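I opened my notebook to look up a few things in this structure, one entry at a time. Follow along with the model beside you.

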Amino acid sequence: MIDFSYVKTDYSKRLEDIRQAHMIEHMDRQAEVAEAIPEVEELQKQISASSVALIRKQVGATLSPEEKKAQRQALSLENKKLQDKISQLLQANGFAADYLDMQYDCPLCKDTGSYENGTCSCVHKMQVADLYKSSNLESILKSENFDNFDLSLFSQEDFSTKNKAGKTVNYVSPAENMRKVLAESKDFCNTFDCTTGKKSLLFYGETGHGKTFLTHCIAKSLLDTGHTVLYLTASEMMDQVIAPYLMRREETGPGLKTAYELLYKSDLLVIDDLGTETLNNFSRTQIFEVINRRLIDNAATIISTNLDPSGLTERYSERIMSRIVQDYALYYFYGKDNLRYKIVLKK
């Protein structure tokens with residue numbers, strides 16, 4: 001069960017603590033530089049004094065707007081020269097040129113939580129991180145990532161299987177297939193913010209051929225680059241998020257509301273094990289709603305399932321499958337060996 005109590009709606013206290021920590025750090029740096037390079041402190045005092053002097057000069061003065069603007073521009077130019085001199089002094093004494101600049105965890109909102117008249121993406125990242133505290137996914141991603149993806153586990157022998165018509169279909173080896181899928185998954189992460197190309201993936205095939213491991217790799221990679229990633233099994237999505245939120249909306253807490261909103265707002269939504277959830281008209285409609293709305297919003301989704309495209313069509317209808325076939329990149333995972341068993345043996 002997901003423990004939604006970790007997730008809050010108000011992150012102002014956490015953001016205030018972050019700002020306070022950076023303020024203390026900034027004061028410590030100022031004191032360090034003042035002791036090491038006294039001239040820097042004098043230059044900073046000049047910049048501050050000249051700014052105050054200009055404000056006093058312009059208050060109540062009978063100057064035209066153009067004259068005031070010219071004075072401000074002249075001051076800005078003079079202060080820029082002083083600031084450049086400070087940067088040169090810092091570098092000459094072994095400090096970075098921006099050592100005295102205020103630091104922020106989030107440069108977009110400057111740790112305020114608000115950006116462009118809305119909630120900053122850094123708050124959504126906090127919410128996702130809090131959701132993960134209630135599951136074991138955080139620990140899983142420490143081991144299941146691109147660095148630990150082992151292609152040697154996959155068979156080098158060509159693979160063949162029979163289709164539903166009983167005809168034999170031949171494929172390249174699982175190792176060769178996975179080498180291609182792995183490369184394209186890494187490219188998916190590296191080009192995630194590009195506006196071209198398909199932004200959603202469907203991983204399908206029987207259990208034990210690497211689908212979930214690879215979705216973990218992608219999730220870890222995008223989380224590490226600052227993206228919001230919501231990772232849920234299909235059962236969790238329906239039974240613990242969508243159904244309880246829609247049926248008891250007025251009674252739900254902030255965590256459940258956040259999880260529901262992130263189904264649509266997260267940079268990436270991963271739906272693992274689609275096809276294992278209880279299926280009825282409600283769940284079929286809601287799954288289509290999530291898939292369709294994210295496609296309309298050009299938001300990335302990854303679906304992993306044990307069902308092949310024809311099985312998905314039978315279970316969810318042609319309407320859902322047509323959207324997936326049209327807008328997702330499809331990857332087939334196959335092989336004779338159960339990799340989960342091989343990984344256990346290797347350990």
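Predicted model: local features only at pLDDT ≥ 70, side-chain atom pairs only at ≥ 80, totals over all residues.

**Entry 1: Ser317.** Is Ser317 buried, exposed or partly exposed? I found a relative accessible area of 29% for Ser317, so I wrote it down as partly exposed. I then looked up where Ser317 sits, and its place is the loop between helix H11 (309–316) and H12.

**Entry 2: Lys110.** Next I turned to Lys110, which also has a positive phi, about 55°, although it is not a glycine. Where is Lys110 found? I traced Lys110 to the loop between helix H3 (65–92) and strand E1 (114–115). Its relative accessible area came out at 44%, so Lys110 is partly exposed.

**Entry 3: H10 and H12.** Now for a pair of helices. Two packed helices are described by the angle between their axes and the distance between the axes, so those were the two values I wanted. For helix H10 (residues 281–296) and helix H12 (residues 318–327), I noted an angle of about 25° and axes 10 Å apart. Angles under 35 degrees count as roughly parallel, and therefore H10 and H12 are roughly parallel to each other. I also wrote down that the crossing in which H10 passes H12 is left-handed.

Which residues make the contact? On the H10 side I listed Arg284, Phe288, Ile291, Asn292 and Leu295. On the H12 side I listed Arg319, Ile320, Arg323, Ile324 and Asp327. Sorting the residues of this contact by kind, I got five nonpolar, four charged and one polar.

Entry 4: Arg323 and Asp327 form one, with their closest N and O atoms 3.4 Å apart. Both residues lie in helix H12, four residues from each other, which is about one turn of the helix. How accessible is Asp327? Its relative accessible area is 22%, so I put Asp327 down as partly exposed. Arg323 is partly exposed as well, with a relative accessible area of 22%.

**Entry 5: other salt bridges.** How many salt bridges does a search of the whole structure find? The count in my notebook is 13. I looked up two others among them.

In one, the side chains of Lys13 and Asp17 meet, with 3.0 Å from N to O. Lys13 and Asp17 are four residues apart in helix H1 (residues 12–36), so about one helical turn separates them. Lys13 has 56% relative accessibility and therefore counts as exposed, whereas Asp17, with a relative accessible area of 40%, is partly exposed.

In the other, Glu184 pairs with Lys180, and the closest N and O atoms are 3.0 Å apart. These two lie four residues apart in helix H6 (residues 174–190), so here too the separation is about one helical turn. I noted 30% relative accessibility for Glu184, which counts as partly exposed. Lys180, at 47%, counts as partly exposed too.

Notes
Residues numbered from 1 in each chain as written. Heavy atoms only, no water. Axes fitted to C-alpha atoms, helices over the stretch in contact; angles between N-to-C directions. Parallel < 35°, antiparallel > 145°, perpendicular 65-115°, else oblique. Left-handed = near helix turned anticlockwise from the far one by under 90°. Contact = heavy atoms within 4.5 Å. Nonpolar A, V, L, I, M, F, W, Y, C, P; charged D, E, K, R; others polar. Salt bridge = Lys/Arg side-chain N within 4 Å of Asp/Glu carboxyl O. Buried < 20%, exposed > 50% of the residue type's maximum accessible area, 1.4 Å probe, protein only.
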